[in-house]
Amino acid sequence: MSTYVLVHGAWHGSWCWVRVAERLRAKGHTVFTPTLTGLAERSHLMGPTISLMTHVRDVVGTIKWEGLNDVILVGHSYGGMVITEAADRAADSLKALVYVDALIPGDGQCSLDLRSEEQNKIFHAKAKAGGGWRIAPTKAADFNVNAADQAWVDGNCTDMSIACFTKRVRLTGAIDRVPNRMYIRAGGFASEHFDTMLTKAKADSRFDCHTLSGGHDLMVDQPDELTDLLLKAG
């Protein structure tokens, strides 16, 4: 049996993985779905000092303190930033990396570096409206989440600090010791920067690349299909 650590994306929480986690556990696998500091049930901790580094420590801490090994580390969207640096810090505890419609940063890059200038203007405008640091969630409809689940997703998403998007990833090269990687693109969500991430993954022989038909939140839209691919990664 395999051990999975499923890392959510921006504004989400562990709640978004419930369908996939149930399916993996039903097959006998061990699954952790940490909610990153300041989000969802931990939203009372949100503040301007919460950053990407806080979230990297959340994931590394889960792996360390739960005593996990041979982990399939999965990141969705912004979670790709988190799992990349977490993998560099905990490479010897990992078996595979899976990017689910996620950002794949290089050393020294932040989330905003991987997005368009237009999107970055929107982020900064949101931060200005949020006291200079707080960014309100993107609507589920804009991520092309299926209509039946949009209210659920919107009702559970919470604000984030802009420091989560401006802090830069620092890699030592230890991540290269994790050779098994997968990229899963959400074909039902039009996004130039995630198309770029898929192209980047396809150019890297360590990646096994797939496309599903659902919206950006594949764990919500297509839990069966996503679970099947995670099982393959394991």
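Author: The largest pocket is lined by 17 residues, of which Arg 115, Gln 119, Phe 123, Thr 138 and Phe 143 lie nearest its centre. This is a predicted model, where local features need pLDDT of at least 70 and side-chain atom pairs pLDDT 80 or more, while totals for linings use all residues. Residues are numbered from 1 along each chain, and side-chain values use heavy atoms, without hydrogens and water.

Reader: What makes a residue part of the lining of a pocket?

Author: A lining residue has an atom within 4 Å of a point of the pocket, which is an open set on a 1 Å grid with protein on both sides within 12 Å along at least five of seven lines. Helix 4 gives the most to the lining of the largest pocket, with four residues.

Reader: How is the lining of the largest pocket divided by class?

Author: There are eight nonpolar, six polar and three charged residues, where Asp, Glu, Lys and Arg count as charged, Ala, Val, Leu, Ile, Met, Phe, Trp, Tyr, Cys and Pro as nonpolar, and the others, Gly among them, as polar.

Reader: Why is helix 2 called oblique to helix 3?

Author: The axes of helix 2 (residues 52–65) and helix 3 (residues 79–89) come within 9 Å and cross at roughly 55°. Angles under 35 degrees count as roughly parallel, over 145 as roughly antiparallel, 65 to 115 as roughly perpendicular and the rest as oblique, and therefore helix 2 is oblique to helix 3.

Reader: Which residues of helix 3 are met by helix 2?

Author: Helix 2 meets Met 81, Val 82, Glu 85, Ala 86 and Arg 89 in helix 3, contact being heavy atoms within 4.5 Å.

Terms used: 1 Å grid on protein atoms, 1.4 Å probe; cavity = no way out; pocket = protein on both sides within 12 Å on 5 of 7 lines; lining within 4 Å. Helix = DSSP H or I, 4+ residues; strand = E, 2+ residues; numbered from the N terminus. Axes fitted to C-alpha atoms, helices over the stretch in contact; angles between N-to-C directions.
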